[in-house]
Amino acid sequence: MPFLNRLRKFARRLPSTSVQWDSVFFSRADKNKRVFILCVLMALFALLLWFKGARLQLFPDDQVIRTKKNLFEKVVTIKPRRGIIYDRYGRELALSVSSHSLFADPSLIKNSFETADKLSRLMKIPRSRILKKIRNKKRRFVWIKRHVSDKEKERVLSWDIHGLGFIEEPKRVYPNETLMSQVLGFTGADGRGLEGLELFYDELLSGTEQKIVTPRDARGRPLFIDGGVFINKSRGSDIYLTIDSDLQFVLERELDTAIKSFKARSAMGLILNAQTSEILALAHSPNFNPNKPFRYSSEVYRNRIAADSFEPGSTFKTFIAAVALKENILPHTMFDGGDGQLKIGKHTIREAEADHKYKKISVSKMLAVSSNVGAAVLALKLTDQVLYPSLTEMGFGEKLEVDFPLEGKGALQELPWRDILTANVGFGQGVSATPLQMSAVYTAIANGGLLKKPYILHSTIHLGGQKKKAKESSVIRKIFTKEQSELLTFMLTQAVSQEGTGFRARIEGFLTAGKTGTAQKTDPKKRGYAQGKYISSFIGFVPADHPHFVIYIAVDEPTTKFYGSTVAAPVFSAVGSYAVRRAGIPPSFVEEPNILTSAETPVKPVINEKVSKEKTPNFVGLSLREAFQTANKFNVKLKVKGSGLVRSSIPFSGESLPQDRVVTVILNDLQ
């Protein structure tokens, strides 16, 4: 026997001092003794092997553990249930629901071609793509389709094809479909955020990945015995936004209407809380359905309010007036109006309207009538050495660091400026800014001079129900004194007066402050401006005497009309009218002649609150529930005709209330 031969050779090598090893083991005379010793050695050898095995089982080292797992286990990673996104009132904007995803075990599929053909017809996936996945019999797990419909699942189960199975995993759903799509963004099939807030807050929403361990067979292939694997209850954090879904809906509706009315390329709008800089609504039109994002061009995904910078046009004149106030140039200060044109070298700056020719003009009137020449002259008077640091202090040329991916910062050229650039900056050319930057500075005017960072995250709820309030508005710096803010406000109310360009932005019963803008678009392929392409805008706040809302509206490339006063100002009025009524803010009826009757000397208006309580509130555009809420605040009784939203009232808004204080509201569907 080979074993005995090796043992004999080993014994011969040992020293023969006291024991004759050859005779001990191999002498025929002592056979029983030889067998006994051999059994003892074999028992010791077996004991050694048992001890070694026990040690590996009870006290394995890391290398042994890794080897075992690699040989006998397969780990499949599945994302846990993603956190819910709510608006400020707890209404769901994005949530995850249970869904089933189809996988295949190619080694168990007998007829790959027939299976691929069936799946292709049902799932609308190219047959070649499926066949490529399931032909390789060495593989034991491949995804066929993530998040299949219930109908597709039932159909596959009815086939009873060995080797096909389902894994339950969460699917992201946006119940309001297109509402706020550019803000929310969307996720991929694996649940990872790809755009918008889903991307920015991905780590917070996604939680911890779950590992599913499945056994392998002797060849190292994973075994899926029952065809179904279920995730546990782990989930990411829920987040509450500062967004008001009702305001968001109205803003999007009005932007859609503007696009249709003026045959525009697109439109965008923003509503901020005038005191805290909370983002209450942020909208783009056209938008997309984040439930089916890949059916749209990626161009429509972008949050242009935060990401895109463009020349603001005349809405920028407000900041030139602000710098003038800082330099002790008062609203009634008169300066050269250029009589309708201003020559600077080879360039000539003209007014937008041919009949706007002013030999002398005040700062206040320049803003009210939106004089390009007046703004250019004022900018040259201030000089680039004064304008640049003041505009930088307002935040132009730097990011606000808001909670959006790919935020833009605009462009403000370094000093020195040529005279033509200084003049152009006066009326919003040669400088670019994001709508968010513009709105932040107007908010500073509204709140008394504080530049605050806009924010959209209200609070978070972590696993276990612990609610954590997000960081509220943070003051970046003080950029205006209270007196400067008040003077700017009064000048902006004059811009919305009968003689101002923003007259169509007025909201009945409320003082409104704001500024129109009509900016030529630059041509990205050529130097200069694109012929006939404009961005029409309006930005302001309401009520002007105690600001609640800062509203920005921009319509891109309107074709039938293009002035901001005609295109964007009415949208501001419609949105602002709904916002103040929904908030239950009582109308402020200004006593004549205390309104800003003169562009030269703005005077703070006197509000007669006693009179306002005896006037009919504005119910137009409200839902029936909101109309009753408003009526209760004014101690008014309602009679209702029709259903839907309020389209009119008897008496009309602003008219004296009847003695019995009963108002009849007429709703939309009444013929």
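Trainee: Strands β20 and β21: over how many bridges do they pair, and in which sense?
Mentor: Eight bridges, antiparallel, with β20 covering residues 529–542. Strands count as paired if DSSP finds at least two bridges between them. Helices (H or I, at least four residues) and strands (E, at least two) are DSSP runs, numbered from the N terminus.

Trainee: What should I know about the model itself?
Mentor: This is a predicted model, where local features need pLDDT of at least 70 and side-chain atom pairs need pLDDT 80 or more, while totals for chains, interfaces and linings use all residues. Residues are numbered from 1 along each chain as its sequence is written, and side-chain values use heavy atoms, leaving out hydrogens and water.

Trainee: Back to β20. What joins β20 to β21?
Mentor: A hairpin, through six residues. In the pairing, Ile535 stands opposite Asp556 of β21.

Trainee: Which way does β9 run against β21?
Mentor: Antiparallel, with eight bridges joining β9 (residues 266–273) to β21. Gly269 faces Ile553 of β21 there.

Trainee: How many residues of β21 are buried?
Mentor: Eight of the eight, residues 549–556, so the strand is largely enclosed by the rest of the structure. Buried means under 20% relative accessible area, exposed over 50%, and partly exposed in between (1.4 Å probe, protein chains only).

Trainee: Which residues point one way from β21, and which the other way?
Mentor: Phe549, Ile551, Ile553 and Val555 go one way. Val550, Tyr552, Ala554 and Asp556 go the other way.

Trainee: New topic. How many salt bridges in the whole structure?
Mentor: The search finds 25. A salt bridge needs a side-chain nitrogen of Lys or Arg within 4 Å of a carboxyl oxygen of Asp or Glu.

Trainee: Which residue does Arg582 form a salt bridge with?
Mentor: Asp246, with the closest N and O atoms 2.7 Å apart. Arg582 sits in helix α21 (residues 569–582) and Asp246 in helix α11, so the pair ties together parts 336 residues apart in sequence. Arg582 is partly exposed, at 22% relative accessible area.

Trainee: And what does Arg91 form a salt bridge with?
Mentor: Asp244, at 3.7 Å between the closest N and O atoms. That pair links distant parts of the chain, 153 residues apart. Arg91 is in the loop between β2 (85–86) and β3 (92–104), and Asp244 in the loop between β8 (238–241) and α11 (245–262). Arg91 is partly exposed at 29%, whereas Asp244 is buried at 4%.

Trainee: What about Glu198: which side chain meets it in a salt bridge?
Mentor: Arg172, at 2.8 Å, N to O. Glu198 is in helix α9 (residues 196–200) and Arg172 in strand β5 (residues 164–173), so this pair ties together parts 26 residues apart in sequence. Glu198 is buried, at 0% relative accessible area. Arg172 is buried too, at 9%.

Trainee: Which residues are linked in a network of salt bridges?
Mentor: Arg265, Glu299, Arg302, Arg304, Asp308, Lys521, Asp556 and Glu557. Asp556 is also one of the buried residues of β21.

Trainee: On to rings. How many aromatic pairs does the search find?
Mentor: It finds 17 in the whole structure. One of them, Phe186 with Phe288, is edge-to-face, 6.0 Å centre to centre with 85 degrees between the planes. Rings of Phe, Tyr and Trp (its six-membered ring) pair if their centres lie within 6.5 Å; planes under 30 degrees apart are stacked, over 60 edge-to-face, the rest tilted.

Trainee: Are Phe186 and Phe288 buried or exposed?
Mentor: Both are buried. They also belong to a cluster linked by ring pairs, with Phe294, Tyr296 and Tyr301.

Trainee: Which charged end sits over the ring of Trp143?
Mentor: Arg146, 4.2 Å from the ring centre. The test is NZ of Lys or CZ of Arg within 6 Å of the centre and within 35 degrees of the ring normal.

Trainee: Last one. How many residues of α15 are buried?
Mentor: Nine of 11, in a helix spanning residues 372–382. Among them are Val373, Val377 and Leu382. Just after α15, Thr383 takes a positive phi of about 75 degrees.
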